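This report goes through a predicted model of a single chain.

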Amino acid sequence: MIKNTRAMTVMAVLAALSVVLVSLIHIPIFPQAPFLEYDPADIPILIATFAYGPVAGIIVTIIASAVQAVTVSAGSGIYGFIMHVISTSALCIPAGFIYKSKKSRRGALEGMTSGIVCMAAVMLAANHFITPFFMGAPTEMVDAMLLPTILPFNLIKGGINCVVTFLIYKPLSRFVIKGTK
């Protein structure tokens, strides 16, 4: 578990940065589903995951999602909180475990690629089961959006966030990790 005060402080800052990013940048990708918006909130969470491991990534995800659910995304409430935690955890868990065992650029790429695939698959299931319940939409309507809209959305969002993380993690890692191990 995270026992270092500096690491906990950095994780809190990354959670706050995640909320700030989602409040500043949220771009609809598909006109037929304007509620599916790209946001870079997962970038600081992936940084926490690579710096401190997958458990830290999940902790930062839960904190950022909770703050986001009562502030910038209050309209989606508990539904948005649950979907964000599921989505980002599905991305961070494989990415974090693979990177933890292979601390290299290749390990980061393998981890993030696995995370993107996992996130996309998990979100197909999550949207099938959870979205009709929370949105009051017929399951058939949600299912009709799974392959043409929801799958590409999650692949695009995960891909962009992982590319940015890949480009900035190494230069930032010395500041994020310094004095926390």
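## Helices α4 and α5

Helices α4 and α5 cross in a right-handed sense. The angle between the two is about 150 degrees, and their axes lie 7 Å apart. Angles over 145 degrees count as roughly antiparallel, and α4 and α5 are therefore roughly antiparallel to each other.

Sorted by class, the residues in the contact of α4 with α5 are 17 nonpolar, six polar and one charged.

## Helices α5 and α7

Helix α5 also packs against α7. The axes of these two helices come within 8 Å and cross at roughly 160 degrees, which makes α5 roughly antiparallel to α7. In passing α7, α5 makes a right-handed crossing. The contact of α5 with α7 has 15 nonpolar residues, seven polar ones and three charged ones.

## Helices α2 and α3

Helix α2 covers residues 42-52 and helix α3 covers residues 54-70. Between them, just after α2, Gly53 has a positive phi of about 105 degrees. The two helices pack with their axes 7 Å apart, at an angle of about 150 degrees. As an angle over 145 degrees counts as roughly antiparallel, α2 and α3 are roughly antiparallel to each other.

The crossing of α2 past α3 is right-handed. On the α2 side the contact is made by Ile45, Ala48, Thr49 and Tyr52, and on the α3 side by Pro54, Ala56, Gly57, Val60, Thr61 and Ala64. Seven of the residues in this contact of α2 with α3 are nonpolar and three are polar, with no charged residue.

## Burial of α2

How many of the eleven residues of α2 are buried? The count is eleven of eleven, and the helix is mostly covered. The buried residues run from Asp42, Ile43, Pro44 and Ile45 through Leu46, Ile47, Ala48 and Thr49 to Phe50, Ala51 and Tyr52.

What covers the buried residues of α2? The cover includes α3, together with α1 (5-24), β2 (37-38), α4 (77-101), α5 (105-129) and α7 (139-177). Among these, α4 and α5 are the pair that packs at about 150 degrees, and α5 and α7 the pair that crosses at roughly 160 degrees.

Asn161 is found in helix α7. Its relative accessible area is 0%. The cut-off for a buried residue is under 20%, so Asn161 counts as buried.

Leaving aside residues up to four places away in sequence, Asn161 touches Tyr38, Asp39, Pro40, Asp42, Ile43 and Leu46. Helix α7, which holds Asn161, is one of the elements covering the buried residues of α2.

## Gln68 in α3

Gln68 lies in helix α3. Is this residue buried or exposed? Gln68 has 11% relative accessibility and therefore counts as buried.

The contacts of Gln68, not counting residues up to four places away in sequence, are with Val19, Val22, Ser73, Ala74 and His84.

## Leu172 in α7

Leu172 has its place in helix α7, the helix where Asn161 is also found. With 34% relative accessibility, Leu172 counts as partly exposed, whereas Asn161 is buried.

How far apart are the C-alpha atoms of Leu172 and Met145? These two residues are 27 residues apart along the chain, and their C-alpha atoms are separated by 38 Å.

## The chain as a whole

The chain has seven helices and two strands. In sequence order the elements follow the pattern α-β-β-α-α-α-α-α-α. The radius of gyration is 16 Å, close to the 16 Å that the globule rule gives for 181 residues, so the chain is as compact as a globular protein of that length. The C-alpha trace spans about 50 × 35 × 25 Å along its principal axes.

Of the 181 residues in the chain, 48% are buried. Among contacts between residues at least 6 apart in sequence, 71% join residues at least 24 apart.

Methods:
Residues numbered from 1 in each chain as written. Predicted model: local features only at pLDDT ≥ 70, side-chain atom pairs only at ≥ 80, totals over all residues. Heavy atoms only, no water. Axes fitted to C-alpha atoms, helices over the stretch in contact; angles between N-to-C directions. Helix = DSSP H or I, 4+ residues; strand = E, 2+ residues; numbered from the N terminus. Parallel < 35°, antiparallel > 145°, perpendicular 65-115°, else oblique. Left-handed = near helix turned anticlockwise from the far one by under 90°. Contact = heavy atoms within 4.5 Å. Nonpolar A, V, L, I, M, F, W, Y, C, P; charged D, E, K, R; others polar. Buried < 20%, exposed > 50% of the residue type's maximum accessible area, 1.4 Å probe, protein only. Rg over C-alpha atoms; globule rule 2.2 N^0.38 Å.
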